[in-house]
2 protein chains.
Amino acid sequence: MIAIAPLQSQPVRSYASSVLPLPRQQCAGCRLHRFCLPTGLSGIQNSQFDSIVIHRRVLKDEPLYKMDDPFRSIYAIRLGHFKTHQVSRNGFEQIAAFHMAGELVGLDGLGTDRHQCYATALEDSEVCEIPYSKLEQLFTEIPPLLRQFHRLMSEELTREQTAMLLLGNLRAEQRFAAFLTNLSARYSARGYSATSFHLRMSREDIANYLGLTIESISRIIARLKARGLVSISNRDVELLDLPTLRALSIGELTVH
Amino acid sequence: MIAIAPLQSQPVRSYASSVLPLPRQQCAGCRLHRFCLPTGLSGIQNSQFDSIVIHRRVLKDEPLYKMDDPFRSIYAIRLGHFKTHQVSRNGFEQIAAFHMAGELVGLDGLGTDRHQCYATALEDSEVCEIPYSKLEQLFTEIPPLLRQFHRLMSEELTREQTAMLLLGNLRAEQRFAAFLTNLSARYSARGYSATSFHLRMSREDIANYLGLTIESISRIIARLKARGLVSISNRDVELLDLPTLRALSIGELTVH
DNA sequence: CGATGTCTTGAAGTGGTTCAAGTCACGTGG
DNA sequence: CCACGTGACTTGAACCACTTCAAGACATCG
């Protein structure tokens, strides 16, 4: 589980002041280096990259950026969790993804020079802001950086396609199983437990992401508990039978 | 509507032979230039770009690439339509997007060096194959090309997020209205009629894309016809009341 | 002109929603 | 430390949108 450094609570939580600058740190020593943009760079390249990064803190429930904000930077999550969500004209919200430490957010703004969604912190978090104009300059100087940038962007595309497959084809229970096993795999890749973790998002967020209602989520959890597949109390999750959950999520099993 | 050049039918339609080379053509004169990758390039830059492009023909129902194929190129659609679709382990298919002339496909392969989905021609089509290794070289020489590449990739991300919003939040009728108005806008941007076009995909494909059944599609079409909003016979569509369809698709109206 | 695949229409069934009460967790203040 | 209040989550019963199953109509093409 990701340890959260104790943060003194900020009395002022307005948008402008919620994205707080922090002292500069170095990428080379970052625990998440191999997931991030400067993966595979040489020492000199790494410090070139370091020099454009701005370290910031974002408080829980505060936006890192909002829909329609001018696009200036992309962000690597250093600590904490975010959700990216669109809001349609008539007020419907759809969460497109949950992002954890080591992932990149903000790529949505590249196309139109304005962000196409909100990015909101699910808990007090820290990000590395990477000004895009400066990054673009580095691309010409450091080709491997460009390659990794494309790789991460493409992975984002694939992730969204998989989420569509989930929303379009799976039943409620399968969707939730897929959600759990996906989190499990991502935590596992980052060196955390694959079977025991804490949900950073509310039932409402989960329901929204999966295209369901919170009541359905509750009922599904109750059913999975009853079969001994999971143990969930509040937001603490334990996956008791990962293979069966995986099988469920790809539709091999149906539990009635 | 896009005119299809008469193609002599190919007796052999195997995968390998279905992606046929065609004589080289120039991007500068292409009708779709302003949607495509080399938008905004100078004359010299354009011919640099021309030199790496391979022109190909793909026959109806044939794959341009398959899931797990090694990633080597991206493709600009010059003529015709494609669908990109994922297939999950247990055989479920999900169409991620329909692509028309002027759009880029193949970006999904960048992350893992293998394509993450299928791209299949909905009709006899022509594409401009752009080998990625050569494109990468041009990026360093032609910065505007890189910018446009990122723009197109980001737009793809946004499109998929919007599709997720659709699958997660809208009712069947709203989804179909959104589908129609989306096609309308894209044809309109390309200089074709916004209200009258031909569907290149089957009801089955539409249903799959929208996360519904073909029966539901049929019934929705019947209802929209009955209200005088559309006139659809077979795959020929006429949008009789575009404003109402738009309103429907964003959930402002509900037609029971 | 018949065969085949695609699309439409009808009737019954159901998974998930909606509405409405609870229950639980947690922070606040007495 | 415990009572209280609030927001998050759970559970139950009724409903409905969409699916499923089944049949029939229509288009297309050898």
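Ala, Val, Leu, Ile, Met, Phe, Trp, Tyr, Cys and Pro count here as nonpolar, Asp, Glu, Lys and Arg as charged, and the others, Gly among them, as polar. The model is predicted, with local features requiring pLDDT of at least 70 and side-chain atom pairs pLDDT 80 or more, whereas totals for chains, interfaces and linings use all residues. Residues are numbered from 1 along each chain as its sequence is written, chains are lettered from A in the order in which they are written, and side-chain values use heavy atoms, without hydrogens and water.

**View 1. The protein surface near DNA strand D.** By class, this surface has 8 charged, 6 polar and 3 nonpolar residues, a residue being near the strand if one of its heavy atoms lies within 4 Å of it. Among the 17 residues around DNA strand D, those that come nearest are S218(A), R219(A), A172(B), S216(B) and R219(B).

**View 2. Helix α7 in chains A and B.** The α7 helices (214-226) of chain A and chain B each supply at least two residues of the surface near DNA strand D, and α7(A) gives the most, with 4 residues. Helices are DSSP runs (H or I, at least four residues) numbered from the N terminus.
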